[in-house]
Amino acid sequence: MPGDVSDGPSRRIVLVGVRSPMIVDYEESCRRCGIEVVAGISAAGPSRMLMTRDVVEEAPAGVTHFLPCAFSPSRRRELAVLGRELGLTLAAPLLDPSASVASTARIGDGSFLNAGAVVAGACFVGEGLLLNRTASIGHHCRVGDYVSLGPAATLCSSITVGDNVLIGAGAVVLPGISIGDDAVVAAGSLLRTNLPRGMLAAGAPATIRELDRSRSLLSVEGEE
């Protein structure tokens, strides 16, 4: 299994992006793993979610690792840039104790696997993955950087996913499909054809159309 943030120097971490509603899930998984969250950094003013930790404007002394906390792929990438500008290093993947990762899977740093998430064998995943509650990635998948899967979303086998892709809650992507960078699969959709870069797939079966990034589909309430 890939390392998690309880390994070595990542046992004490900073969470960056503490106004995201998802902060409660990051904190809970850290607690369950025995990880000390030393501080939370907000990129957009005082935190309203991280109630028991200090909120600081810079990295505390002696702590070197962080996790970016946001559901939106683009926002999580921005928070990763912020953390690095503060002199921090992406932590090894945070795996909730109830998550399951095959021994032959590899997951990039800065990733978070929430409760009940599954990554099957021979998968290779880039940095900054967010695999939300009970979401799953099937065997022989290749997933890029800063990809988000909502609760109960499913990637079947032998799927290729580009960078900055958002796959909504309960969506299913059938085997062998390719998804381009910056694409979105709407919640509850069934994707059975390739999805080009920057396009939206919605419906069951999904139809593909231009992606309007001003629509609420892409906004996550409360994120920084």
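Leaving aside neighbours within four places in sequence, which residues is Glu 36 in contact with? Glu 36 is in contact with Arg 11, Arg 12 and Ile 13, where contact means heavy atoms within 4.5 Å.

## Basis of the model

This is a predicted model, in which local features need pLDDT of at least 70 and side-chain atom pairs count only at pLDDT 80 or more, while totals for chains, interfaces and linings use all residues. Residues are numbered from 1 along each chain as its sequence is written, and side-chain values use heavy atoms, with hydrogens and water left out.

## The chain as a whole

The secondary structure comprises 2 helices and 24 strands; helices (H or I, at least four residues) and strands (E, at least two) are DSSP runs, numbered from the N terminus. Of the 224 residues, 51% count as buried. Buried denotes under 20% relative accessible area, exposed over 50%, and partly exposed in between (1.4 Å probe, protein chains only).

The chain exposes about 9,200 Å², of which carbon and sulfur atoms supply 51%; accessible areas come from the Shrake-Rupley method with a 1.4 Å probe, and for residues only the protein chains shown count as cover. Among contacts between residues at least 6 apart in sequence, 36% join residues at least 24 apart.

An open sheet is formed by 6 strands in the order β7-β10-β13-β16-β19-β22, with parallel pairing. Strands β7 (100-101) and β22 stand at its edges with a single partner strand each, so one side of each has no neighbour in the sheet. Within this sheet, β13 (residues 136-137) and β16 (residues 154-155) run parallel and are joined by 2 bridges; two strands pair if DSSP finds at least two bridges between them. Ile 137 has Leu 155 in β16 as its bridge partner.

Another open sheet contains 5 strands in the order β8-β11-β14-β17-β20, and its pairing is also parallel. Its edges are β8 (106-107) and β20 (178-179), each of which has a single partner strand, so one side of each is left without a neighbour in the sheet. Strand β8 pairs with β11 (residues 124-125) in the parallel sense over 2 bridges, and Arg 106 stands opposite Phe 124 in β11.

## Ser 148: a buried strand residue

Ser 148 is found in strand β15 (residues 148-149). Ser 148 counts as buried because its relative accessibility is 0%. Not counting residues up to four places away in sequence, Ser 148 touches Phe 71, Ser 72, Pro 73, Arg 76, Leu 130, Val 165, Leu 166 and Ile 167.

With Arg 76, Ser 148 also makes a side-chain to side-chain polar contact of 2.9 Å. A polar contact is a pair of N or O atoms within 3.5 Å; within protein, one must be able to donate a hydrogen and the other to accept it, and residues adjacent in sequence count only if both atoms are side-chain atoms.

Glu 36 lies in strand β2 (residues 36-41) and is partly exposed, with a relative accessible area of 42%. The C-alpha atoms of Glu 36 and Arg 11 are 6.4 Å apart in space, although the two residues are 25 apart in sequence. The side chain of Glu 36 makes a polar contact with that of Arg 12 (3.1 Å).

Pro 196 is placed in the loop between β22 (190-191) and β23 (199-203). Its relative accessible area of 43% makes Pro 196 partly exposed. Apart from neighbours within four places in sequence, Pro 196 is in contact with Gly 180, Ala 183 and Ile 208. A separation of 9.7 Å lies between the C-alpha atoms of Pro 196 and Arg 209, which are 13 residues apart along the chain.
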